[in-house]
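Reader: I would like to learn how to read a structure by its side chains. Please take me through some features, with the general idea before the case.

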Amino acid sequence: QIPLEDIAETKGLSKIQLIKEIEEIVNSGTKIDINYYLEQYIDQESQKEIINFFKEDYKNNSIENLIKEFDGEYEEEEIRLMKIKFLSDYAN
């Protein structure tokens, strides 16, 4: 349960670069539990809202579309983290 910021710094990456790398790992079928991290930054209601949106039409929704859909309510980093959670919990 190491903070993502610490992992990114150790690897010489920005936090968003690390998140994108984790996304690729999860896209390949590996489950990753980042709930410990999400709970610190995204409240439960927001997590449910984003997960429900992924459940509706995951394959046709890009990160950019989701950011637009939520009208800037969530940042790219938050959407990507929730995508990792969704893939780990529901798709893999």
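Reader: Which residues form one aromatic cluster?

Author: A pair of aromatic rings is described by the distance of the centres and the angle of the planes. In this predicted model, one aromatic cluster is made up of Tyr36, Tyr37 and Tyr41. The structure has six aromatic pairs. For Tyr36 and Tyr37 the ring centres are 6.5 Å apart and the planes meet at 75 degrees, so this pair is edge-to-face. Tyr37 has a relative accessible area of 1% and is buried. As for Tyr41, Lys15 lies over the face of its ring, 5.2 Å from the ring centre.

Reader: How are the rings of Phe54 and Phe86 arranged, and where do these residues lie in the chain?

Author: Phe54 and Phe86 are stacked, with 5.3 Å from centre to centre and 20 degrees between the planes. Phe54 belongs to helix 4 (residues 44-57) and Phe86 to helix 6 (residues 76-91), so the pair links distant parts of the chain, 32 residues apart. Phe54 is buried at 1% relative accessible area, and Phe86 is also buried, at 7%.

Reader: How many residues does the largest nonpolar core have?

Author: In soluble globular proteins, nonpolar side chains tend to be buried together. Here the largest nonpolar core has 25 residues, and those with the most contacts inside it include Phe54, Ile50 and Met82. Helix 6 gives the largest share of this core, six residues. Leaving aside neighbours within four places in sequence, Met82 is in contact with Leu38, Ile42, Gln47, Ile50, Ile51 and Phe54.

Reader: Which residues are linked in a network of salt bridges?

Author: Side chains of opposite charge can pair when their charged atoms come close. The count of salt bridges is six, and a network of them links Glu23, Glu76, Arg80 and Lys83. Glu23 and Arg80 meet at 2.6 Å, N to O. Glu23 lies in helix 2 and Arg80 in helix 6, so the pair ties together parts 57 residues apart in sequence. Glu23 also forms a salt bridge with Lys83, at 2.9 Å, N to O; this pair spans 60 residues. In the bridge between Glu76 and Arg80, the closest N and O atoms are 2.7 Å apart. Glu76 and Arg80 are four residues apart in helix 6, about one helical turn.

How values were computed. Residues are numbered from 1 along each chain as its sequence is written. This is a predicted model: local features need pLDDT of at least 70, side-chain atom pairs count only at pLDDT 80 or more; totals for chains, interfaces and linings use all residues. Side-chain values use heavy atoms; hydrogens and water are left out. Rings of Phe, Tyr and Trp (its six-membered ring) pair if their centres lie within 6.5 Å; planes under 30 degrees apart count as stacked, over 60 as edge-to-face and the rest as tilted. Buried means under 20% relative accessible area, exposed over 50%, partly exposed in between (1.4 Å probe, protein chains only). Helices (H or I, at least four residues) and strands (E, at least two) are DSSP runs, numbered from the N terminus. A charge sits over a ring if NZ of Lys or CZ of Arg is within 6 Å of the ring centre and within 35 degrees of the ring normal. A nonpolar core is a set of buried Ala, Val, Leu, Ile, Met, Phe, Trp, Tyr and Cys residues joined through side-chain atoms within 4.5 Å. Contact means heavy atoms within 4.5 Å. A salt bridge is a side-chain nitrogen of Lys or Arg within 4 Å of a carboxyl oxygen of Asp or Glu.
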